[in-house]
Amino acid sequence: MRIAVLVPDPTYPEPWQWTYAPQAEALRTAGADVDPVVWTQVGDTSRYDLVLPLVAWGYHLDYDRWLTLLDRAQAEHWPMINPPALLRWNSDKSYLAELIDRGVPTVPTLAVESCCDADLEEARRRFESGWLVIKPPVSAGALRTHRLGPNDDLPSDSVHQSMIVQPLIEEIARTGEFSLMLFDGEFSHAVVKRPAAGDFRVQEHLGGETLPCKAPPAGAVRLAQAALAAVPAKATYARVDIVPDDEGTLRIMELELVEPSLFLNHAPDGGAAFTRSILNSAQKATA
């Protein structure tokens with residue numbers, strides 16, 4: 001089986017081999033041929049049995065091109081996992097409001113199309129929280145993500161922009177954010193990500209740290225599976241980010257169904273569940 005793994009454009013500034021290498025190695029160990037293919041330069045895919053967008057980092061920086069690629073994948077019937085329609089749905093964080101509507105415990109979310117100070121006041125009233133976090137609906141790596149206090153104005157880079165507004169979950173600074181990896185809906189392993197002192201962002205390039213997690217909190221796996229049951233198509237691979245809110249209730253922070261770091265170095269089976277789910281789904285897609 002020949003697999004194309006979509007990887008970043010050469011101009012993308014952050015290192016990515018650390019997540020690509022263990023995924024590619026796990027697939028090669030299972031007998032697949034794996035090629036890295038730059039997602040902004042995808043040519044003829046007919047020689048591939050499977051296209052995986054697992055490291056298509058930077059799509060948020062060229063979103064129109066990303067959507068065009070997904071349209072092409074759907075029109076040409078690429079054997080793509082996860083499927084293009086699910087990738088499109090998950091690429092915009094407005095899906096969090098849909099999860100809330102479907103009864104999945106999720107960090108409260110207000111999606112606004114042209115953000116202004118009045119939206120912040122509405123969010124503070126609705127969430128009963130003076131402290132807020134705002135971010136673009138299409139984003140990654142905490143780019144343009146801001147923590148706003150009760151008297152803070154809207155940052156200039158967010159004025160009249162589409163934004164996601166949420167209450168600040170202060171428990172993240174104490175407990176961290178739990179990332180659960182699931183393959184074909186079954187739990188594989190987890191890590192916990194914690195921010196640097198005084199920060200709220202867990203990304204390592206911002207000083208956060210990622211640690212192994214032998215067992216996620218009670219109820220976290222059930223919550224992750226409930227969230228995946230609410231998405232519009234089957235997710236062969238998924239990373240589900242979960243946080244306890246300030247009352248201790250577990251809530252979905254994000255579903256990562258496009259290009260998640262899967263932390264296979266922390267998988268107790270060495271990535272066997274990952275490769276099994278990918279290859280089984282690929283065989284069904286090409287049957």
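Analyst: Ala-220 is part of helix α7 (residues 220–229); helices (H or I, at least four residues) and strands (E, at least two) are DSSP runs, numbered from the N terminus. The model is predicted, so local features need pLDDT of at least 70 and side-chain atom pairs count only at pLDDT 80 or more, while totals for chains, interfaces and linings use all residues. Residues are numbered from 1 along each chain as its sequence is written, and side-chain values use heavy atoms, with hydrogens and water left out.

User: Why is Ala-220 called buried?

Analyst: Buried means under 20% relative accessible area, exposed over 50%, and partly exposed in between (1.4 Å probe, protein chains only). Ala-220 has a relative accessible area of 1%, so it counts as buried.

User: Which residues does Ala-220 touch, not counting residues up to four places away in sequence?

Analyst: They are Leu-180, Ile-242 and Leu-250, where contact means heavy atoms within 4.5 Å.

User: Why does Glu-171 count as buried?

Analyst: Its relative accessibility is 16%, and therefore Glu-171 counts as buried. Glu-171 is found in helix α6 (residues 171–174). Leaving out residues up to four places away in sequence, Glu-171 touches Gly-176, Pro-244, Asp-245 and Asp-246.

User: What joins the side chains of Glu-171 and Arg-174?

Analyst: A polar contact of 2.9 Å joins them. The term means a pair of N or O atoms within 3.5 Å; within protein, one must be able to donate a hydrogen and the other to accept it, and residues adjacent in sequence count only if both atoms are side-chain atoms.

User: How does the radius of gyration of the chain fit a compact globule?

Analyst: The radius is taken over C-alpha atoms, and the globule rule is 2.2 Å times the number of residues to the power 0.38. For 287 residues a compact globule would have a radius near 19 Å; the chain has 19 Å, so the two agree. The C-alpha trace spans about 55 × 40 × 35 Å along its principal axes.

User: What share of the 287 residues counts as buried?

Analyst: The share is 54%. The chain has eight helices and 12 strands. Among contacts between residues at least 6 apart in sequence, 69% join residues at least 24 apart.
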